[in-house]
Amino acid sequence: MSLRIRLNILITTLLVILFLFSSYYTISHARNSVHSEVESSTQLALQLIQAASSSSLSERDKIASDEQKHVKFIRKLTELDMIRHVHIEIRSPTELLNPADDDILFIKSDAPKWFIQLIQPPATEIRRWLYTPVTSPIDVLIKPDPLDEIHESWIETRNILVFLSIFIILANILIYFVIGIYLSPIERILEGLASIRQGNYKLRLPNFRLPELDRISQQFNHMTQVLSETKVRNQLLTKRSLEIQEEERQNLSQELHDELGQTITAIKAVAVSISNKTTIEKRYINSSVRTIVKYSDHIYQVAKNMMHRLRPSVLDEFGLVKALQNMIDEWNDNQENIFCDFTFEDIPSYLSDSLRISLYRITQEGLTNTLKYSKASKVNVKIRKVVDDGVEKINLKIEDNGIGMDKDGVKPGFGILGMRERVEMNEGEFAIDSAPEAGVKINILVPLSK
Ligand SMILES: Nc1ncnc2c1ncn2[C@@H]1O[C@H](COP(=O)(O)OP(=O)(O)O)[C@@H](O)[C@H]1O
Ligand SMILES: [Mg+2]
């Protein structure tokens, strides 16, 4: 069931509960007011009967005959029938003195039966016998007649209930449409997510009026931007790594051709010239052998260099620290104006293959960059084991004292990008910090075991 329908059902339920409570309150209020109206009318009737009897029959009215007094009294009593909510019957022992006129007494009400039953007060009739010195006893019967009050209450209650019903219907319609308008961005968000699933990271969501949905939209846009940037970066890296592979193959084939091919051809030429001689002088043999040995040494050196460039064997044989030490020693031997200081601490002998080669290549790239760009006189390479958040990690720092770089102005090339990729591949953290004239500081933290 959709969120819109659910919200509507919830709000309708609340409004219906409100409706029921209001009905209960209105009806019980109507019942109380009918009760008290009838009660006070009955009391009023009683008091007026009392007053009528004492004023009509008072001894002070000497002029009037008993007969006149009696007629005056009966007239006053019949006038009392005008009191609302009560019906008064007056009888002398023999006859009904005020015959009831049903049409006047009982107002026809269109209140439904259930309503009348709900609020009708219990029927309590009051009977009084009036004994007067001038007439025979008079029987006064006061019957409560709440029907006209009930009728008024019904009109009032009905109006309230009709008003409430209209309010509930209108509120429901309004809420249905308003919720619809507010929730319509959700469709857009779902479309956006579906397009991400299909690999389209270009779609951006607009701003929404509802702050929560607007925040989702902003986060969504940020996410798609990061995804599309990562996609572009990956494409560039893949392209670059294929290019590097091709360049490396080309270099190898060139070197094989120039260095090994030519040297082997020279050895072959010496050997052929020896075999072509019928008599060979010892001196000639010695010179030829020296040439062959020299060429063989050269081949060995070239092959060793090529193998080292492809994969430094010391890395596998003696571990990362030894390999770094060798590389840095060699690097220092070849530089005059810059010195690299290498320190290590607590590096375990076993590191995963991926971690070893990654840290080696990162240091290599760091030193190459320092040499190429920094104009530094000193570079520190520091590698040690640390415990971060209870996890053992390798911390590698490469820091030079060169001209540094303006991080915002410099476009990172594939060197720095490659370092970052290698660190992320090992689930580590890569940070590069620099400012103009402040040198470059690279700080890497990679967990020992993935
Ligand atoms: N140690 C450094 N000192 C000063 N600038 C540096 C240093 N290392 C890198 N840079 C700057 O960062 C840029 C990107 O370096 P890098 O990603 O290795 O790419 P590349 O070496 O292929 O140019 C360089 O062109 C250089 O301007
Ligand atoms: Mg570089």
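This is a predicted model: local features need pLDDT of at least 70, side-chain atom pairs count only at pLDDT 80 or more; totals for chains, interfaces and linings use all residues.
Local features need pLDDT of at least 70, side-chain atom pairs count only at pLDDT 80 or more, and totals for linings use all residues. Residues are numbered from 1 along each chain as its sequence is written.

**Largest pocket**
- The largest pocket holds about 1600 Å³ of space; a pocket is an open set of points on a 1 Å grid where a 1.4 Å probe fits, with protein on both sides within 12 Å along at least five of seven lines, and lining residues have an atom within 4 Å of a point.
- Among the 40 lining residues, Glu248, Arg309, Tyr360, Arg361 and Gln364 are the closest to the centre of the largest pocket.
- The largest pocket lies between domain 2 (211-293) and domain 3 (312-447), because both give residues to its lining.
- With nine residues, α7 gives the most to this lining.

**Second largest pocket**
- The volume of the second largest pocket is about 350 Å³.
- Asn369, Tyr373, Met405, Ile416 and Val440 are the closest to its centre, out of 23 lining residues.
- Seven residues, the largest share of the lining of the second largest pocket, come from α10.

**Ala376**
- Ala376 sits in the loop between α10 (353-374) and β5 (378-388).
- Ala376 counts as buried at 10% relative accessibility, where buried means under 20% relative accessible area with a 1.4 Å probe, protein chains only.
- Beyond its neighbours within four places in sequence, Ala376 is in contact with residues including Asn337, Thr370 and Asp400; contact means heavy atoms within 4.5 Å.

Notes
Chains are lettered from A and ligands numbered from 1 in the order in which they are written. Side-chain values use heavy atoms; hydrogens and water are left out. Helices (H or I, at least four residues) and strands (E, at least two) are DSSP runs, numbered from the N terminus. Buried means under 20% relative accessible area, exposed over 50%, partly exposed in between (1.4 Å probe, protein chains only). Grid points are joined across faces, edges and corners, and a volume is the space filled by probe spheres set on the points. Domain bounds come from an automatic or database domain assignment.
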